[in-house]
Amino acid sequence: LVTATNDFVTGPIAQAFGISTLIAVKLERGADGVPTGRIDGTPSFREGKVVRVEEWLAAQGRAWGDFARITVYSDSLNDLPLLERATEPVATNPSESLARLAQERGWRILNLFA
C-alpha cells in the first residue's frame, strides 16, 4: 500500500486488511519520540511515491523492470507519476480530472460505488 497519508493513520488500516507493506508519510520524531512536525525522508506524494517504491524495491533486491505486470489503482491525478509506471493503471472512483485522462489514455476505470 502506497499512500500520501501519515503512517500513524494508515498503519492500523493496513494491518486490519492484512497488508504487510505500507509506504506512507513518516513523521520525524525527536529523541523523546514526539513528532517534530517535519517529515522524515521523502514524502510519499506525487513523484515521491515513485521514489519510495523504488527504495522499497531496492531493499528487496528488485527493480521496476523485474516485473512483467504492475497494476496501480488510484482515485487522484496526484498519483499520475505512479500510474504512468504501471503496465495496468486503473482509475478507481476517479476524480473528474483523472477520469478524463484515463479515458483519453484508454485506462480501465473502476467505479466501486454508484
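Analyst: This is a predicted model. A place to begin is helix 2, whose buried residues are covered by elements that include strand 1 (2-6), strand 2 (23-25) and helix 3.

User: Which residues of helix 2 are buried?

Analyst: Gly48, Lys49, Val50, Arg52, Val53 and Leu57 are the buried ones in helix 2.

User: Why is lysine 49 called buried?

Analyst: Buried means under 20% relative accessible area. Lysine 49 has 6% relative accessibility, so the residue counts as buried. Lysine 49 sits in helix 2, and beyond four places in sequence its contacts are Val2, Thr3, Ala4, Pro43, Ser44, Asp79 and Leu82.

User: Serine 44 is in that list. What makes serine 44 buried?

Analyst: The cut-off is under 20% relative accessible area. Serine 44 has a value of 0%, and therefore it is buried. This residue lies in the loop between strand 4 (35-39) and helix 2. Setting aside residues up to four places away in sequence, serine 44 touches Thr3, Ala4, Ile23, Ala24, Val25, Lys49 and Arg52.

User: What makes the approach of serine 44 to the backbone oxygen of threonine 3 a polar contact?

Analyst: The limit for such a pair of N or O atoms is within 3.5 Å. A polar atom of the serine 44 side chain lies 2.5 Å from the backbone oxygen of threonine 3. The serine 44 side chain also reaches the backbone nitrogen of valine 25, at 3.2 Å.

User: What makes strand 3 and strand 4 a pair?

Analyst: Pairing needs at least two bridges between the strands. Strand 3 (residues 27-29) and strand 4 are joined by two bridges, so by that definition they pair; they run antiparallel.

User: Which residues touch the most other members of the largest nonpolar core?

Analyst: That core has 16 residues, and Val53, Trp64, Val72, Leu82 and Trp107 touch the most other members. Helix 2 (47-59), helix 3 (80-83) and helix 4 (96-105) each give two or more residues to the core. Beyond four places in sequence, valine 72 is in contact with Leu82, Leu83, Ala86, Glu88, Pro89 and Val90.

Terms used. Residues numbered from 1 in each chain as written. Predicted model: local features only at pLDDT ≥ 70, side-chain atom pairs only at ≥ 80, totals over all residues. Heavy atoms only, no water. Core = buried A, V, L, I, M, F, W, Y, C linked by side-chain atoms within 4.5 Å. Buried < 20%, exposed > 50% of the residue type's maximum accessible area, 1.4 Å probe, protein only. Helix = DSSP H or I, 4+ residues; strand = E, 2+ residues; numbered from the N terminus. Contact = heavy atoms within 4.5 Å. Polar contact = N/O pair within 3.5 Å; in protein donor to acceptor, adjacent residues only side chain to side chain.
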